[in-house]
Amino acid sequence: MKYNCTILDINDEEITIKIGNAHITGFSNSGVSKEIGEETMVDILLYDDLEISRSNKCENCIERKGNSFAYSLYGILDIDHSVLKSEIDFEIDVEELFDYGYLDGKKVKIDTIRIDFDFI
């Protein structure tokens, strides 16, 4: 999904951005041509095999796992649109959702090993 973000920190390929109230640290193979504090467009991608499970957590949120690139994303799964509706929406590859039709419209937790950024 594409969002307008503010660059908070740049450390080689590790970049921290802010979208609304969400702070996300992710990975960018192509780097970023903007400076800290500048606004830019970013395409956010969930990297590799996702672990999807039912969740009882009441709030939609994004939780970083320690100082890694890994995150637990909490929200409502929309199978028809291939989206997790969370603090911000995350597009999910259709192939990742093949076995999870029973979770459509339900609160879920998605674990991802990395969030990738592609700056536009």
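Residues are numbered from 1 along each chain as its sequence is written, and side-chain values use heavy atoms, with hydrogens and water left out. Because the model is predicted, local features need pLDDT of at least 70 and side-chain atom pairs count only at pLDDT 80 or more, whereas totals for chains, interfaces and linings use all residues.

Helices (H or I, at least four residues) and strands (E, at least two) are DSSP runs, numbered from the N terminus. Two strands are paired if DSSP finds at least two bridges between them. Strand β6 (residues 61-64) runs antiparallel to β7 and is joined to it by 4 bridges; Ile 62 lies opposite Leu 73 of β7. These strands form a hairpin with 6 residues between them, and Gly 66 in the turn has a positive phi of about 60°. With strand β10 (residues 107-112), β7 pairs in the antiparallel sense over 6 bridges, and Tyr 74 has Lys 109 in β10 as its bridge partner. Strand β7 is largely enclosed by the rest of the structure, because 7 of its 8 residues are buried (under 20% relative accessible area; exposed is over 50%, partly exposed in between; 1.4 Å probe, protein chains only).

Strand β8 is also antiparallel to β7, with 3 bridges joining them; Asp 78 is the bridge partner of Val 83 in β8. Ser 82 is placed in the loop between β7 (71-78) and β8 (83-85). In this hairpin, with 4 residues between the strands, Ser 82 takes a positive phi near 55°. Its relative accessibility is 11%, so Ser 82 counts as buried. Leaving aside residues up to four places away in sequence, Ser 82 touches Phe 90, Glu 91, Ile 92, Val 94 and Leu 97, where contact means heavy atoms within 4.5 Å.
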